[in-house]
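Subject: Structure for your review

Dear colleague,

Please find below the structure that I am handing over to you. My notes on what was found in it follow directly after.

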Amino acid sequence: MKPLIPLVALLLSIPAGAVAADLPGWMAGAWGGEVGGVAMEEHWTSGGGSLMVGMHRDLRAEGKASFEFLRIEKKDGTLVYLSMPSGRPATPFPLKTISPQKVVFENPQHDFPQRILYWRDGARLCARIEGTIKGEVEGEQWCWSKLPK
């Protein structure tokens, strides 16, 4: 059985474009938490078929709310993350890498962010946006817990 371990490690590190990736179904569910005084919710449908649909909402203490529609779809044999903040037209972030508990999407031409990452940290779903603003590397990160049903 030991010869399989290096093979599995190799397969998990293959760049996204080399194989058709499955949707990251481990993101599915209702997630939430508070970060820096902002109550956040992110909801993802199951990973069935060729499409996952998501929604993110931030609620600030003073009552201001913001939202973003999201989707991950299979397009031309690979996954693409589409972000629509405040309902604006979609910005595509093609898949860069994927493993059983982490996915990275990247669009180097986008102003900010250029990368969007999701991963599981035990029972939590974490996300990070990162990129360059005025020549400086910037990023933000959040982790959420499953919301009660």
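The lining of the largest pocket consists of 16 nonpolar, six polar and seven charged residues. Here Ala, Val, Leu, Ile, Met, Phe, Trp, Tyr, Cys and Pro count as nonpolar, Asp, Glu, Lys and Arg as charged, and the others, Gly among them, as polar. Please note that this is a predicted model, in which local features need pLDDT of at least 70 and side-chain atom pairs count only at pLDDT 80 or more, while totals for chains, interfaces and linings use all residues. Residues are numbered from 1 along each chain as its sequence is written, and side-chain values use heavy atoms, with hydrogens and water left out.

The largest pocket holds about 680 Å³ of space. Of the 29 residues that line the largest pocket, E68, S83, P85, I129 and W142 are the closest to its centre. Two or more lining residues come from each of β2 (38–44), β3 (51–60), β4 (65–75), β5 (78–85), β6 (91–99), β8 (115–121), β9 and β10. The largest share, four residues, is given by β4. A pocket is found on a 1 Å grid over the protein atoms alone, as an open set of points where a 1.4 Å probe fits, with protein on both sides within 12 Å along at least five of seven lines; lining residues have an atom within 4 Å of a point. Grid points are joined across faces, edges and corners, and the volume is the space filled by probe spheres set on the points.

Strand β1 (residues 29–35) runs antiparallel to β2, with seven bridges joining them, and G29 stands opposite W44. In the hairpin of β1 and β2, two residues lie between the strands, and G36 takes a positive phi near 60°. Seven bridges also join β2 to β3, again antiparallel, with E41 opposite R57. Their hairpin has six residues between the strands, and G49 has a positive phi near 70°. Strand β9 (residues 124–133) is joined to β10 by nine bridges, and the two run antiparallel. L125 faces W144 across this pair. Strand β10 (residues 136–146) is also joined to β1, by two antiparallel bridges, with S145 as the bridge partner of G32.

In a regular strand the side chains alternate between the two faces of the sheet. In β2, the covered face has V38, M40, E42 and W44, and the uncovered face has A39, E41 and H43.

Buried residues (under 20% relative accessible area, with exposed over 50% and partly exposed in between, for a 1.4 Å probe and protein chains only) make up 32% of the 149 residues in the protein chain. The largest nonpolar core has 24 residues, and those with the most contacts inside it include W44, Y81 and W144. Such a core is a set of buried Ala, Val, Leu, Ile, Met, Phe, Trp, Tyr and Cys residues joined through side-chain atoms within 4.5 Å. Beyond its neighbours within four places in sequence, Y81 is in contact (heavy atoms within 4.5 Å) with residues including W44, I72, F105 and Y118.

How values were computed
Pairing = 2+ DSSP bridges.
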